[in-house]
Amino acid sequence: MTGFRRAPRHAIGIDIGGTNIRAGLVDEGGTILAQTLLPSHPDPETVLRRCLSLIADLRGPEVAAIGIGIPGQVNAATRMALSGGYVDLSPLPFAALVERAAGLPVAVENDAAMALLAEAAFGAAKGQPDAVMLTIGTGIGGAVLEGGQLLRGQATAGQLGHVVVQIDGPHCVCGRQGCVETLSSGTAFARHLTDAGLPPHTRAEDLLTRTDTVAQGVIARWARPLRAALDSLITICNPGVVVIGGGAGGAMVKALDRFPPARSWFDAPVLAATLGDDAGVIGAALAGLRALPAPRVKRLVMVNGVPASGKSGVASALAGATGWPLLTLDTVKGPFLQELAPVDRPVNRTLGRASLNAMFDILAEASGGTFLMDAWFGFQPRDVVEAGLARAGLWGVAEVWCDAPPDLVGARYAARVAMRGPGHPGLEYVPELVALAARAEPLALGPVLRVATDGPVDTGAILTWLDSGIWQNSAPPP
Ligand code: BGC
C-alpha cells in the first residue's frame, strides 16, 4: 500500500542558453520525465514569455518548484541576474516574474552552476566535494564546488569562462580581452573555422579525425587556450575533478587529449560530463526542489476497533501521555446527530462517513505532527478510508487494534445504551454487535498492534511499540 507515502515531488528545470531554452520535468532522482525546448532570444521579455510557455507545457499537479539556470552573473540569494551576454536578463526581476505568473517557487543560479549541481549529484563529479565545472557552448560557463557547496565569493564567484588566457586576445563581452571564452567556446570555434577557410558547419568531431595541418590548427587554436585556463584553475582550486560539459564538451575533452598538461606540481583528472547537455536542466530542477522548505513529518495512529471495544480509553490515554492531537469520530458526528435526531441507521452511516472525511480533511490541512484518530473504521468501505489517508498526505500510518471478547463487547454496549447520545442504536443492536466483534479484523493499512482491552491497558507498551522503528516502512523525510 503506497497511498500513504508522500506524493513524489517533481520540478521543472530550465536552462537558458545562447541557442536554446531547454526545459525538463525532472523527478527527485534526477530523471528527466519529459522535455521540450524553444529557441533562445536576446530580448529578455521574449525569453520570459518562452519560459512561461515551456512551464505551461510541462506542468502537472506534482510539480512543486521551478529552477532556472541563467547565463551571466547571478546572485542566487537575491535571485537577480547581474549581467549577461547574448541573453541578458539583468533588466528584469526574472525569478519574481516567473514565480508570480506560474504560482510556483522559483530558484535561480548561473547556468553552469546548475550543471555542476547535477554532475555532483548524479554525474561525473558524484562523490567529489571539491570540483570545477566548465561548460563549452555559445559561451564558456564555469562553477566551483568547495566542500560540497557552490563557491560564491560575494555572490558571483566561478565565472570561469572569463579567466584571461591571452592578454591581447579578442575583446570579450565582459569588458576584458583574451578571456578563454573568446578562444575556446563554440562561438570561438566557428570563428576559427572561418579564419581557416573551412565551411561554417564543420564539426569539431570531424576535424579530430583529420590529420591535415588546417584541421589540426583549428583544434589547437580552440583547445590550447582551454588547457591554459585549466592549468590555472587546477592550481587555484585544487579540485578532485574537473568536469567539462555543454554542447561542445565531449569534443573539447577529446581535443584536450592532444595537448596534455605539462608534468607539474598541480594535477587533477579532467572528465567529460556524464549528463551531457541535460545537466543544466537537471541541476536547475534540483536547485528548485532544494530551495523548498523541508516538509514536516505527518503521521497517524489509528485507534481502531468495533463499538465498545475500548478504543476511546486507549486513544485518550495515548493523547494524554503524548500531547498528540486526538480526532474522535463521535466528537465530530455528535453535534450533527444532536441537531438531526432521531435518525435512522442509513443517515447515521452517512454522517459517520462525512465525519470521517472531515477528520481526514483536518489532517490534510495540518503541516505536520503525529495525530491520533479514534473511530470504528470498519463502518465505512475500505476505499473511503484509503482515499482519506492518501488525501491527508501522511508519511506513515500505524494501527492500534482494540480487542475484547465479543460477549464482553456486547455487555459493555448494553450497559452504556442509556448513556449514548441520540441517534445510536439501542439494545436491539447487541446481538449484531457481538457477531461483528467475532469477525472484525484490523484494516492493516500499516503496522498493527493488537491490544487486549478486557483488562488494564499498558499505554507505555503501546508507546514503546510506536517508538520502535515501525514507521520505517513509511517514506522517510527527504
Ligand atoms: C557568461 C557566463 C555563462 C556562460 C555560459 C558566458 O558568456 O558570462 O555567465 O555561464 O556564458 O552560458
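Predicted model: local features only at pLDDT ≥ 70, side-chain atom pairs only at ≥ 80, totals over all residues.
The secondary structure of the chain amounts to 16 helices and 17 strands. With a radius of gyration of 32 Å, well over the 23 Å that the globule rule gives for 478 residues, the chain is more spread out than a compact globule. The C-alpha trace, taken along its principal axes, spans about 100 × 45 × 40 Å.

The domain assignment divides the chain into domain 1, made up of residues 1–110 and 278–293, domain 2, covering residues 124–274, and domain 3, covering residues 298–473. Between the C-alpha centres of domain 1 and domain 2 there is a distance of 25 Å, and the contact of these two domains takes 13 residues from domain 1 and 11 residues from domain 2. On the side of domain 1 that touches domain 2, the residues fall into 6 nonpolar and 7 polar, with no charged residues.

Helix α3, formed by residues 111–122, packs against helix α9, formed by residues 279–290, with axes that come within 7 Å and cross at roughly 85°. Since crossing angles of 65 to 115 degrees count as roughly perpendicular, α3 and α9 are therefore roughly perpendicular to each other. In this contact, α3 contributes D111, M114, A115, L116, L117, A118, E119, A121 and F122, which meet A279, G280, I282, G283, A284, L286 and A287 of α9. Sorted by class, the residues of the contact of α3 with α9 comprise 12 nonpolar, 2 polar and 2 charged.

The ligand is surrounded by 14 residues, the closest of which are P71, G85, A112, G139 and G141. The composition of this shell is 3 nonpolar, 9 polar and 2 charged residues. Domain 1 and domain 2 are both represented around the ligand, as the shell draws at least three residues from each of them.

N238, although it is not a glycine, has a positive phi of about 45°; N238 lies in the loop that runs between helix α7, residues 213–237, and strand β11, residues 241–245.

Definitions and conventions:
Residues numbered from 1 in each chain as written. Axes fitted to C-alpha atoms, helices over the stretch in contact; angles between N-to-C directions. Helix = DSSP H or I, 4+ residues; strand = E, 2+ residues; numbered from the N terminus. Parallel < 35°, antiparallel > 145°, perpendicular 65-115°, else oblique. Contact = placed C-beta atoms within 7 Å. Nonpolar A, V, L, I, M, F, W, Y, C, P; charged D, E, K, R; others polar. Near = placed C-beta within 6 Å. Domains from an automatic or database assignment. Rg over C-alpha atoms; globule rule 2.2 N^0.38 Å.
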